[in-house]
Every structure is written in structure tokens, then in C-alpha cells.
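Here's a quick briefing to read alongside the coordinates.

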Amino acid sequence: MKRRYDVVVIGAGPAGMAAATTCANAGASLLLLDEQDAPGGQVYRSIEQPGLVDRDVLGPDYYKGEELVQDLRRSQVEYVPSATVWQVSPEREIAFSVNGASQVVSARQVILATGAQERPFPIQGWTLPGVMNVGAAQILLKQSGMVGEGAVFAGTGPLLYLTARQYIRAGATVTAVLDTTPISNYWRALARGFDGLSGWESLRKGLQWKREIRAAGVPIVEGVTGLRVRGDRCVRGIDYCQHGRWLHLSTDHVFLHQGVVPNINLTQSMRCAHEWFPRQLCWRVVTDAWGRTSLPGVAVAGDAADIAGAACAPHRGVIAALGALQQLGRISNQDRDASAAPHRRALAREERFRRFLDQLFQPSESFLVPRGADVLVCRCEEISAGRLREVIAIGCEGPNHLKSYTRCGMGPCQGRMCGLTVTQVLAAELDRPPAAIGYYRLRQPIKPIGLGELAALAQVEAPAPVAFRSKVGAS
Amino acid sequence: MFRYIDAARHGARLVTITIDGVATTVRAGETLAAALLQSGRPDSRTTAVSHQPRGPFCMMGICFDCLVSIDGWPNQQACMIRVREGMRVERQEGCGCIPLGTDALPGGNDEASL
Amino acid sequence: MKRYDIAVVGGGVVGLASAYGLVQQQLKVALLDESDVAFRASRSNFGLVWFQGKGLGNLAYVRLLAQSISKWPAFASQLRDHSGIDPNYRRRGGLNLCVGEIAAQRRRAHIEALHRQQGDEGYRCEFLDRPQLERLFHPLRLSEEVLTASYCEADGHVNPLYLGLALQKSITELGGHYLGGYTVRDVKPVAGGGFELRTDRGTVGCERVVLAAGLGLSELARKVGINAPVRPERGQIIVTQRAQPLFPLPMNGFRQTEEGSVMLGYSKEDVGLDDSTEVPVLARIANNALKAFPQLSALRVVRTWAGLRTQSPDLYPIYAASSECPGAYALACHSGITLTAAHACLVPQWILSGCMPDVMGAFGPERFGV
């Protein structure tokens with residue numbers, strides 16, 4: 001007999017934790033599923049067991065996650081960690097895998113708080129061992145207390161500077177920060193008067209971070225227009241172009257970042273309506289004021305909807321939870337609206353900052369559409385930009401056509417590392433706006449699962465498949 | 001080189017795993033990807049198509065580049081798994097090979113084809 | 001307005017094969033294709049080029065299949081030459097595994113009946129016994145329940161996606177025009193001859209039109225006085241991560257691609273125009289796979305597919321020439337991959353001579369009544 005819940009929340013980051021706590025405290029039967037083996041998502045990764053004893057390294061923002069987790073632990077939330085959700089059907093049946101075995105539960109309301117991922121950053125050599133996302137460097141710091149010595153940070157966006165700063169406070173040597181923020185973005189921001197107070201505030205904070213980094217002896221190179229990672233079997237260095245000149249830095253570690261984008265694989269597989277969001281240059285699921293998608297009973301909260309950051313996530317989680325509770329008949333419309341009001345005010349305050357940051361740190365097209373023919377777009381299947389353009393020239397109407405002819409997007413990551421790049425490459429080659437290009441057709445499972453565990457869902461009397469216990473105990 | 005910083009949490013006990021046959025001591029509770037990186041191995045596999053080296057890239061389970069074989073089972077994401085005493089880790093060369101065992105052919109090893 | 005000698009409507013494998021054949025006849029050919037989001041059975045099929053087991057009660061179909069398969073090697077080679085792309089056609093025979101005694105008995109009876117029907121024509125099957133299968137598959141273990149399998153040396157497989165790419169590239173290399181996003185909404189005969197096709201990207205004119213629009217065929221065919229009833233039949237497929245070579249031969253329901261990924265299938269469902277995949281069906285496919293090869297449980301499923309087959313009422317192809325609007329033709333089938341070589345060769349013959357080749361003659365729509 002399938003277990004049925006009032007609400008299932010997927011994702012135990014700030015939005016998911018807030019949504020789950022809110023629903024559980026209102027008396028709804030609730031299941032919280034998360035892929036990691038501890039709560040916090042990525043931004044508050046390892047918050048219950050930080051890899052660092054010195055709280056100054058990461059800074060106070062990280063520790064804001066503690067309260068969210070404490071609230072979660074105090075509530076009556078049924079929380080299942082290490083649960084990889086691989087399907088949510090239109091009828092809200094959720095299939096998830098724990099320790100190599102899958103089960104299916106059903107929900108009256110689903111809240112997806114599956115968060116964000118980093119935007120793909122396809123440059124020459126980005127697949128070499130030693131190249132990682134800035135988020136990965138941060139995870140290694142938060143969870144394990146580890147740093148890569150002599151790293152080069154390259155890209156654009158607040159997370160780039162935040163992590164470089166954390167590295168410096170951790171006592172790591174940082175070789176340089178290569179900033180690819182287009183200089184024209186600053187001029188445009190100036191022309192808009194920096195969008196008022198919020199813009200000036202963000203700018204001031206950014207300048208403070210840069211001062212701190214420079215004071216530690218780390219050069220910041222602005223206006224970088226080209227990047228090439230060098231090395232044979234692993235990273236040996238990075239070339240960068242500034243003012244038309246190519247220069248070189250030796251390093252074992254390159255940390256890349258050009259913003260975060262919503263993780264849309266689950267909502268795409270559910271066939272929720274999506275739209276192109278020009279300001280953030282990404283696809284996002286279409287939601288209403290309560291986070292509701294085009295699918296009845298399915299809402300999205302936090303950065304899974306569109307990028308607003310960690311400060312906004314708990315508010316959006318609460319709002320989605322209130323929406324779900326009203327749908328369940330547990331609270332009235334008036335109570336729902338009244339409870340949501342302070343959260344909406346908080347979001348409105350953050351929205352101005354967000355707009356400013358989005359526009360200032362919008363990556364330039366040269367880093368969205370790789371020019372070099374042999375830059376890999378699809379990491380899994382090793383498909384280059386040149387190959388894609390070759391096949392588009394034969395006649396390709398969109399990402400699915402391209403996928404079937406090149407295998408781009410057929411690997412285990414299911415297009416997470418290449419999808420946005422493919423949208424941009426097709427837009428450039430076909431001379432159409434990204435909104436007209438579309439995205440890969442995705443289906444469950446949205447993460448790979450064992451054939452044996454899928455088969456086990458068919459019948460009870462089938463011989464037990466050999467189940468690999470992949471997440472055996474912690475220590 | 002990845003290293004633990006001074007402000008890293010101490011007191012974690014150690015476990016021994018084998019990486020490509022070499023016994024390696026790592027901190028208990030570590031993700032396998034972090035343990036591999038800290039032991040000086042930036043690469044976890046080579047790709048199936050052109051045998052290029054890859055290593056952990058996202059550390060959050062979405063890039064599928066940190067694939068290793070664990071106790072003979074291929075295609076395991078090292079960043080999603082914690083180390084365990086006695087774990088046998090092998091870097092994955094090309095596509096992962098599923099374990100088939102070495103059962104002898106019934107009736108002898110005469111591999112006559114059609 | 002763009003004008004062509006022949007417009008082929010439909011960018012699936014039937015349309016592509018037809019256009020490929022036609023473009024080699026020094027005609028100005030256009031292939032009109034839908035946009036990126038479309039049902040496209042050609043992109044979600046198993047890739048078998050298969051003879052065995054088909055056509056019981058329909059000797060004409062057996063003949064058509066046999067002819068296509070006999071043409072496949074030369075067709076694949078010519079396609080490689082024209083496009084520079086290898087569709088990876090491999091013919092070393094194929095197997096239909098029998099899991100359990102009842103399945104084995106049924107299969108024997110079925111194959112015997114087919115052999116009686118075809119006489120000396122076509123290709124014959126033989127049954128492999130358990131020891132032969134064990135040697136063939138070693139070191140992959142067969143479950144105890146796999147008792148026998150029918151083997152046919154004519155069977156093979158191809159990469160259906162590269163097949164599409166190779167055909168599309170060849171068409172353009174040989175002077176044809178691929179018009180993507182030109183979804184055809186209306187076909188109008190023009191007084192004095194020829195047709196006008198109203199599409200999402202403008203009107204296209206042609207002397208003759210070949211409708212190969214899959215599930216969209218019925219509606220378009222009606223506009224030129226052809227009755228071509230087709231309905232969707234869903235098939236779901238599981239695709240795994242790459243693995244070492246596991247299967248020595250393709251099988252009915254099991255195939256390993258050149259890249260190493262394993263495809264497992266498939267279902268036959270009547271669900272209308274729904275190309276989603278569903279866990280109960282996928283789980284059943286997975287379970288059936290493990291019933292034959294338990295060791296496959298270690299494979300990881302990376303994606304699933306559903307395709308909507310274009311099925312006629314009796315499951316056999318439809319080939320029709322319009323008497324009301326001479327110059328209009330309609331084609332539909334569900335074994336589009338196997339019949340690719342036949343289509344590439346026979347469709348030009350048919351269109352240019354105005355006379356349908358004998359081997360296609362049994363598949364006119366008059367067999368469905370009015």
C-alpha cells in the first residue's frame with residue numbers, strides 16, 4: 001500500500017527546510033526528501049557538522065542556516081536523507097531511491113525546493129582534472145575543511161569573490177582572481193544610477209571584498225575576455241586575455257563561476273510550463289505568487305524557481321507552504337495571506353538587490369557560446385562546439401534534434417552541464433532568440449537508478465536483485 | 001594540492017581504503033571525492049569516448065565526472081559517498097564494467113561460435 | 001514561393017528514405033519537416049533491422065521485408081559514401097529469446113507456421129539450444145528460464161539516429177533541400193497540376209507530393225483524397241549507461257549500441273498521443289530483462305524513452321497513390337527502420353514510373369474498406 005502524505009517537500013536546503021517546518025507545524029503530514037545525507041542543501045552544506053572550527057573563515061551568513069536546521073529538527077517532519085528523487089508524476093507520485101532501493105509515495109501537495117546549480121562555463125580545458133566550479137571549492141571548504149593551494153578563481157558574480165575571500169581567511173594561497181564581468185555592464189549600471197540605494201549598497205560590499213582580497217596580496221584582473229585552461233592530464237595553468245593580450249598563470253586549481261541557474265530537470269520531466277528568463281539568461285518554471293506551477297498540487301520554492309539567493313529562500317519556502325496548506329484546507333485564504341505578508345515584504349526588499357546583481361554580473365556572450373571549435377559543450381559524451389555547429393548546418397530545428405544527431409545531452413547528467421549552452425549555441429546559429437529554441441525533452445528517472453531497483457518496483461515476488469549499498473554508514 | 005586547513009575540524013578518526021590497489025589512510029566521514037583529492041589524485045576516471053582524464057567538478061552530484069568503481073561496482077559518484085573502512089576504490093577506465101564473475105562455462109571452456 | 005519537383009512531407013525515416021531515393025533521380029526535391037518538438041517515432045525506436053517472426057498471414061509483407069533486408073548492406077554502404085557518416089549497420093544475425101516453456105512452445109509454433117507460409121522465400125530461422133546460448137553469451141549468465149532462442153542470420157541492427165543524420169546530410173549533399181520547421185497544415189491541388197503546401201513558414205509549391213507524415217498522415221492524406229487511417233501505439237524503452245560488450249547479438253527487446261549503452265524494451269500500449277513514460281511499464285520491462293539476464297541489475301538506467309508507432313488498422317504498411325489528385329502519394333508504416341532500404345529504392349521507382357512496384361502492391365488503403 002503506497003504511503004500517502006499531505007505534503008512532500010523535495011530538497012532540504014533553506015527553502016525546503018522552511019517549507020517543511022511550516023507545513024509540519026501546521027499539522028500536515030509531511031515527508032522531506034533530500035539527496036544529501038545531512039540537511040542544509042548546498043548553501044548551508046554540512047551546517048550541522050561544519051568542516052571548520054573557526055567561524056570567521058566562512059563568515060556569518062553561512063551560520064544563518066543553523067536556525068533553519070534547528071527548527072526542522074524540533075518539528076514533526078519525517079525527514080529522509082540520502083534520498084534521490086528520480087520521479088514526480090503528474091499525479092504526484094514520487095519515486096525515490098535510498099541505499100540502492102526505490103519506493104514510491106504519493107502526495108496531495110508537492111513542494112519542489114531542489115535549488116540551483118552553477119551555469120555551465122564552457123572554455124578550453126574546462127574538463128581537465130583540477131578544474132572545478134567555485135561551488136565545489138566551497139563545498140570542500142565547508143564540509144571537509146580543505147583548500148586547493150595556489151588556486152585561480154575565474155569568472156563573474158558575487159560567489160566568485162565570496163569564495164576567494166573565504167579561501168584567504170582560511171589561510172590558503174590564492175594565485176589570482178580573473179574577473180570576466182564585462183566592463184560594459186558597469187557602464188550600463190552607472191547609466192541606470194546603479195538602481196538606487198540597493199545598487200550602491202551591493203557595489204560598496206563588492207568593493208570591500210575586492211579590497212580585502214587585494215590586501216592579502218592576491219591580484220584581481222578585471223575585464224578578462226578570454227580563458228584557456230592548460231594541462232595534459234590535469235591542470236597546469238590558465239591563459240587569460242585582457243586588453244587583447246594573452247597572459248599565463250601557473251596553477252593546479254582553477255575554480256570557475258559565472259552565476260547560478262535553477263535546476264530544472266525535475267520540473268521539465270514533469271512537463272511543467274517553463275519560460276526563458278532573459279534577465280538571468282536561464283530557463284525557469286512558470287510559477288504564480290504561491291510558487292504554484294502549471295501542474296495542480298505542485299509548487300516550487302527557492303532558487304529552483306529562479307535565482308534569488310539564500311536570504312530569500314526561507315521566505316519563498318514559507319510562502320509555498322502557506323499556499324499548500326490553504327489548498328489542503330488547513331488554513332483560510334485570509335490567514336494564508338496575512339501570514340505570507342511579512343515574507344513578501346522581505347522578498348520585495350531583496351528583489352531590488354537581485355535585479356542589480358543580475359544585470360551587473362550577466363556573462364558576456366563569448367562565455368555563453370564557445371567560439372573555439374574544440375571546446376567541449378557536452379562533457380558526458382564529449383561533444384565539441386564545432387561538432388554541434390557542423391550538425392546544425394545540416395539542418396537542426398532545436399535541442400532535441402541536435403541531441404538525437406550528436407548524442408549531446410544523452411549522458412548521465414541529463415543535460416545539466418550542457419543544456420543552457422546548447423540553447424545559446426542554437427540561438428546564435430539559427431539567429432533566433434533563446435526563448436524560441438526550447439530545451440531537451442526530459443523524462444524520469446531524472447537521476448540514474450539501478451536496473452535492479454527499477455525492476456523491484458514491478459512485483460513483490462521477483463527474485464531480490466543484487467542491491468549495491470552505495471551509502472553504507474558514515475564513519 | 002588539496003590540504004586540510006588549520007581551522008579544519010579535528011578529532012576525526014582515520015580509516016584505511018584502497019585506491020587502485022594502494023592502501024590509503026583517510027579521515028573517517030569524508031566524502032570519497034574529497035578523500036581522493038586530498039590524497040593527491042585530481043582524476044577519478046577516464047572517459048569512454050576518447051579516454052580523457054576527469055575528476056570531481058561540481059561536488060554536488062550533477063556532473064557525473066567523479067565516477068569510480070567501488071568494491072567492483074562501477075559508475076559510483078564519489079562525491080555522494082562517504083568513505084568506509086576497507087572500501088576498495090578503483091578509478092574507472094572508460095565505461096564502467098559491470099561485475100559478471102568468473103563462472104566456468106558449463107561443459108568446459110570450448111567457446112565454439114555459431 | 002519555393003517550388004520543387006517533389007515535396008516529401010515528413011522528416012522521419014520514411015520521408016528521409018523516400019527523399020534520399022528521389023534526390024538521386026536528378027529531381028528538385030524538398031523534405032519538409034516539423035519543428036523540434038514533435039512525436040517522431042524515428043527518434044525513439046529500437047534500431048532493429050529485423051526479419052524473423054514477422055508477417056504470419058501476410059506473405060506479401062514477408063516478401064517486402066526480405067527485399068529490404070537484401071538491399072540493406074548496399075544501401076548502408078552507399079549512404080556512408082554520400083554522407084561520410086556511418087549509420088553502424090551490423091548484420092550478424094539476431095535472436096528472439098524464449099523465457100519459460102510456454103514462450104518456447106509458442107515461438108516454435110509461430111516460426112514453423114511462418115516457414116510453411118514462406119516456402120523457399122525469405123530467410124529461415126533455427127533454434128539454438130541452451131548449451132549453444134550459454135557459449136554464445138559467456139561470460140554473461142542466462143537465467144535458468146531461458147530455454148531456447150530463435151536465430152535468423154538476416155537480422156541486424158543500426159543506429160537509427162545516425163541513420164537519420166546520414167540520410168538528412170546525404171539529401172542536402174545531393175542537392176536536396178531540408179526545410180525544418182515547415183510543418184504542413186494544408187495540401188491543396190492546383191488547377192492544371194501540382195500542389196500548394198501551406199506550412200508554418202510559408203507556402204511551398206510542388207509538382208508531386210509524397211506524404212510520409214507519420215501520425216499526421218491521416219489528416220493530410222484526406223486532403224488529397226487518400227484514406228490512410230493510422231493510430232498511435234506507444235512503446236517505452238529503457239536506456240542504460242555504457243557497459244562492456246555484453247550481448248553478442250541484438251535480440252528482440254535487448255540491444256547494445258556501438259557506444260555500449262544497453263537498450264531494453266518494449267511495450268505496446270494504446271494510450272493515444274501520450275509519449276510519456278510510466279514507472280509500472282518501465283519496471284515491467286526491467287523485470288523482464290532481469291528474468292533473462294539477472295546480472296544486468298548492476299546496470300544504471302540513465303534515461304527512458306517513449307515513442308508513438310504509426311500503426312495502420314492491420315499493422316501493415318500503407319502505400320497509396322491518389323486517383324482524385326494525381327501526383328499525391330501517401331506512405332505509412334511502423335517498421336520504418338527495416339524498410340528503409342526498400343523505401344529508398346522503391347519509392348523513386350514508384351513515383352517516376354507512375355506504377356507501384358509489385359512488392360508494395362498488397363498495401364493499398366482499399367483493403368480497409370471505405
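## Domain contacts and a sheet

Look across the interface of domain 1 and domain 3 of chain A and the rule turns up zero salt bridges. What it does find there is three residue pairs in polar contact, both partners at pLDDT 80 or more. Keep in mind that this is a predicted model.

**Domains of chain A**

- Chain A splits into domain 1 (4-117 + 261-331), domain 2 (120-258) and domain 3 (368-437).
- Between domain 1 and domain 3 of chain A, the C-alpha centres are 30 Å apart.

**Interface of domains 1 and 3 in chain A**

- On the domain 1 side of chain A, eight residues are in contact with ten residues of domain 3 of chain A.
- Together, domain 1 and domain 3 of chain A bury about 760 Å², with 61% of that coming from carbon and sulfur atoms.
- Of the area domain 1 of chain A buries against domain 3 of chain A, 64% is down to A:N265, A:W276 and A:W283, more than any other three residues supply.

**Sheet in chain C**

- Over in chain C, three strands make an open, antiparallel sheet, ordered β4-β6-β5.
- The edges are β4 (94-99) and β5 (125-128) of chain C; each has a single partner strand, so one side of each has no neighbour in the sheet.
- On average, neighbouring strands of this sheet are turned by 25 degrees against each other, direction ignored.
- β5(C) is joined to β6 (residues 146-152) of chain C by four bridges, and the two run antiparallel.
- Opposite C:C125 you'll find C:C152 in β6(C).

Key. Residues numbered from 1 in each chain as written. Chains lettered and ligands numbered in written order. Predicted model: local features only at pLDDT ≥ 70, side-chain atom pairs only at ≥ 80, totals over all residues. Heavy atoms only, no water. Pairing = 2+ DSSP bridges. Axes fitted to C-alpha atoms, helices over the stretch in contact; angles between N-to-C directions. Domains from an automatic or database assignment. Contact = heavy atoms within 4.5 Å. Buried area = accessible area lost by both parts, 1.4 Å probe. Salt bridge = Lys/Arg side-chain N within 4 Å of Asp/Glu carboxyl O. Polar contact = N/O pair within 3.5 Å; in protein donor to acceptor, adjacent residues only side chain to side chain.
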